[in-house]
Amino acid sequence: MNDEQLLRYSRQMMLPEIDAEGQQRLTDARVLIIGLGGLGSPSSMYLASAGVGHLVLVDFDKVDLSNLQRQIIHSTPDIGRPKTESARETLKTLNPEIKITTIDHALDEKELLEQARLADVIIDASDNFRTRFAINKASVESKTPLVSGAAIRFEGQISVFDPRNDESPCYRCLYNDDVATQETCTANGVIAPLLGIIGSIQANEAMKLIMNIGETLNGKLMLLDVMHMEWNQARLGKDPKCPVCNHF
Amino acid sequence: MKEIEIIINGKSISVTEPISLQQLIKQLEINKGKFAVDINGQIIPKSEYQNCDIREHDNIEIVVAVGGG
């Protein structure tokens with residue numbers, strides 16, 4: 001690590017829990033971020049600025065004026081550009097040291113599994129349940145830890161599913177995939193800073209997983225209600241009859 | 001048969017014992033799409049709804065899935 005890098009990361013490297021070893025782990029890590037909207041914006045920005053060596057950004061969408069209230073990685077001149085391109089530019093300005101790979105189409109099952117296998121951590125920053133269940137399956141099958149975050153209106157939910165641990169629940173242990181639900185920010189609305197809070201926690205959990213420090217939200221579901229500013233936590237175990245994580 | 005008090009999403013209601021979580025969900029017509037059930041701070045696995053008996057003073061939260069991002 002050169003002097004400039006030491007200076008860039010000095011305020012986190014001075015933490016004994018991180019130090020040079022933790023920083024090296026971040027440098028060597030590859031994180032798959034699915035969705036560059038309200039959650040993917042803050043989480044990818046923090047992971048880039050903290051020096052995670054390789055970020056793989058996936059989004060098929062283009063920047064729209066109605067995104068800018070909350071998707072802070074994109075700016076007004078980016079309207080009409082692919083989100084991956086706009087995001088890459090912001091992240092490269094933040095930290096030119098890191099490698100960024102962009103994928104500007106929706107991944108099919110095979111591609112998703114391949115990307116999951118290559119990643120050290122997956123960040124689910126998507127905006128629909130179909131994608132969430134597909135990401136979960138790829139996480140379970142590749143045994144790659146998944147940091148799941150979601151937000152709508154004034155409510156957020158976060159958890160970590162870590163299939164490296166046999167006792168870990170998966171996203172399918174928590175929610176059923178057989179009922180159709182449309183709960184997107186586009187359809188229901190969302191307050192912007194809530195996404196900043198949830199996305200930042202996702203980045204924080206991903207960094208801890210990479211550095212193998214502290215305790216994560218694995219086995220816990222964290223619920224946030226920003227209207228009443230209340231945090232709640234529930235313990236979440238594996239469903240012994242889960243159709244997804246009992247197959248692998 | 002005995003009336004018991006339970007709390008659901010912060011509101012106190014009474015139900016007739018014995019009652020399983022599965023029966024309670026049906027009785028309350030909880031039909032909110034994807035949801036999880038937290039009883040006294042523990043999410044109950046879906047495969048155990050049938051065998052999960054509701055007890056007096058149980059604090060139950062119906063956690064509705066959030067998918068936005």
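**Contacts and pairing**

A: Leaving out residues up to four places away in sequence, A:H54 touches A:A29, A:R30, A:V31, A:K99 and A:T101, where contact means heavy atoms within 4.5 Å. This is a predicted model, where local features need pLDDT of at least 70, side-chain atom pairs count only at pLDDT 80 or more, and totals for chains, interfaces and linings use all residues. Residues are numbered from 1 along each chain as its sequence is written, chains are lettered from A and ligands numbered from 1 in the order in which they are written, and side-chain values use heavy atoms, with hydrogens and water left out.

Q: Which strand does A:H54 lie in?
A: Strand 2 of chain A, residues 54-58. Strands (E, at least two residues) and helices (H or I, at least four) are DSSP runs, numbered from the N terminus.

Q: And is A:H54 buried or exposed?
A: A:H54 counts as buried because its relative accessibility is 10%. The cut-offs are under 20% relative accessible area for buried, over 50% for exposed and partly exposed in between, with a 1.4 Å probe and protein chains only.

Q: Which side chain is in polar contact with the side chain of A:H54?
A: That of A:T101, at 2.6 Å. A polar contact is a pair of N or O atoms within 3.5 Å; within protein, one must be able to donate a hydrogen and the other to accept it, and residues adjacent in sequence count only if both atoms are side-chain atoms.

Q: Switching topic: how many residue pairs are in polar contact across the interface of chain A and chain B?
A: The rule finds 13, with both residues at pLDDT 80 or more. Strand 5 of chain A gives the largest share of the side of chain A that touches chain B, four residues.

Q: What area do chain A and chain B bury between them?
A: About 2,100 Å², 56% of it on carbon and sulfur atoms. Buried area is the accessible area (1.4 Å probe) that two parts lose on being put together, summed over both.

Q: In which sense do strand 8 of chain A and strand 4 of chain B pair?
A: Parallel, over two bridges; strands pair if DSSP finds at least two bridges between them. A:R235 stands opposite B:Q42 there.

Q: What about strand 1 and strand 2 of chain B?
A: They pair in the antiparallel sense over seven bridges, and B:K2 stands opposite B:E17. They form a hairpin with two residues between them, and B:N9 in the turn has a positive phi of about 45°.
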